[in-house]
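I am opening this notebook to record what I looked up in one structure, entry by entry.

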Amino acid sequence: MTTDHLPETTPRRGRPRDAARDRALMDATLTELQLHGYGGLTTAAVARRAGVSTATLYRRWRSKEHLVIGAAGVWAEDLGPDRDTGGLRSDLRTLLHDKATALDGPSGRLLRAILGEAAHNRALADVLTQEYVAPLQDRVATLLTRAVARGEIPPVEDPVVVGELVIGPMITHTFLIPHTPDSRPGAEVAERLLPYLLRALGARTE
């Protein structure tokens with residue numbers, strides 16, 4: 001992930017922003033979130049881990065909440081580009097495995113750390129919707145449109161529900177069920193979920 005998504009602030013006079021310092025602060029934020037969760041995160045600890053002063057941090061993000069929102073933007077879920085594989089089954093399998101890879105990476109680690117806080121923090125909930133839910137919903141809608149055009153499935157009345165059928169089971173299986181350290185729960189549930197999604201959509205069975 002590049003620093004292209006770093007949050008923008010009102011331009012200030014003086015020296016330009018140091019992108020390397022910004023990235024160090026974002027890396028430190030993710031590490032502190034993993035170690036202590038949102039409730040235990042402090043701006044002082046993030047600044048110390050990044051090797052900068054708290055004054056430097058506050059020149060960029062004016063509160064802990066804004067710091068975490070900035071980090072969520074940096075590690076926005078990267079599902080990769082939509083790829084037309086020629087069929088609904090392979091399109092869905094590719095999406096599910098891309099989702100599994102994202103959950104195993106930095107975006108998934110950040111999501112795990114702030115998911116509970118987002119339940120009663122509207123700003124965090126909004127950024128999770130924008131950066132995590134919306135990209136998957138858009139990709140689901142695109143692949144369903146292709147499948148309908150190919151005649152593989154009947155028109156889908158509510159593509160948003162299909163997206164939720166992807167998000168819910170994968171997050172539940174990956175985050176809430178205990179797994180061995182070297183396992184790949186996302187990839188496992190992706191294969192298990194695929195036939196159920198196909199049947200729910202009315203796809204022809206092989």
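**Entry: α5 against α7.** I am working from a predicted model, and I began with helix α5 (residues 88–104) and helix α7 (residues 122–150), whose axes come within 10 Å and cross at roughly 170 degrees. Because angles over 145 degrees count as roughly antiparallel, I noted α5 as roughly antiparallel to α7. I then listed the residues that make the contact: on α5 they are Leu88, Asp91, Leu92, Thr94, Leu95, Asp98 and Lys99, and on α7 they are Leu136, Arg139, Val140, Leu143, Arg146, Ala147 and Arg150. Sorted by class, the residues of this contact come to seven nonpolar, one polar and six charged.

**Entry: α5 against α6.** Staying with α5, I looked up how it packs on α6, and found an angle of about 65 degrees with the axes 4 Å apart. The range from 65 to 115 degrees counts as roughly perpendicular, so I recorded α5 as roughly perpendicular to α6. Here Ala102, Leu103 and Asp104 of α5 meet Ser107, Gly108, Arg109 and Leu111 of α6, and the contact divides into three nonpolar, two polar and two charged residues.

**Entry: α6 against α8.** Next I followed α6 (residues 106–118) to helix α8 (residues 159–176), where the axes come within 12 Å and cross at roughly 85 degrees. That angle makes α6 roughly perpendicular to α8. On the α6 side I listed Gly108, Leu111, Arg112 and Leu115, which meet Ile171, Thr174 and Phe175 of α8; by class, this contact holds four nonpolar, two polar and one charged residues. Gly108 and Leu111 had already come up on the α6 side of the contact with α5, and both are listed again in the contact with α8.

**Entry: the whole chain.** I then stepped back to the overall make-up of the protein, which comes to nine helices and zero strands, so that the pattern read along the sequence is α-α-α-α-α-α-α-α-α. I also noted the span of the C-alpha trace along its principal axes, which is about 60 × 40 × 30 Å.

**Entry: annotated regions.** From the UniProt record, an unreviewed entry, I took "domain: HTH tetR-type" at residues 19–79. Over that stretch I found the chain to be 79% helix and 0% strand, with the end C-alpha atoms 24 Å apart. The record, again as an unreviewed entry, also places a "DNA-binding region" at residues 42–61; in the model, residues 42–61 are 75% helix and 0% strand, and their end C-alpha atoms are 13 Å apart.

**Entry: rings and charges.** How many aromatic pairs does a search of the whole structure find? The search returned zero aromatic pairs. I therefore turned to charges over rings, for which NZ of Lys or CZ of Arg must lie within 6 Å of the ring centre and within 35 degrees of the ring normal. The charged end of Lys64 sits over the ring of Tyr38, at 4.5 Å from its centre, and the charged end of Arg199 sits over the ring of Tyr196, at 4.8 Å from its centre.

Terms used:
Residues are numbered from 1 along each chain as its sequence is written. This is a predicted model: local features need pLDDT of at least 70, side-chain atom pairs count only at pLDDT 80 or more; totals for chains, interfaces and linings use all residues. Side-chain values use heavy atoms; hydrogens and water are left out. Axes are lines fitted to C-alpha atoms, for helices over the stretch in contact, and angles run from 0 to 180 degrees between N-to-C directions. Helices (H or I, at least four residues) and strands (E, at least two) are DSSP runs, numbered from the N terminus. Angles under 35 degrees count as roughly parallel, over 145 as roughly antiparallel, 65 to 115 as roughly perpendicular and the rest as oblique. Contact means heavy atoms within 4.5 Å. Ala, Val, Leu, Ile, Met, Phe, Trp, Tyr, Cys and Pro count as nonpolar, Asp, Glu, Lys and Arg as charged, and the others, Gly among them, as polar. UniProt positions are given in the numbering used here, feature names are shortened, and annotations may be inferred rather than shown by experiment. Rings of Phe, Tyr and Trp (its six-membered ring) pair if their centres lie within 6.5 Å; planes under 30 degrees apart count as stacked, over 60 as edge-to-face and the rest as tilted.
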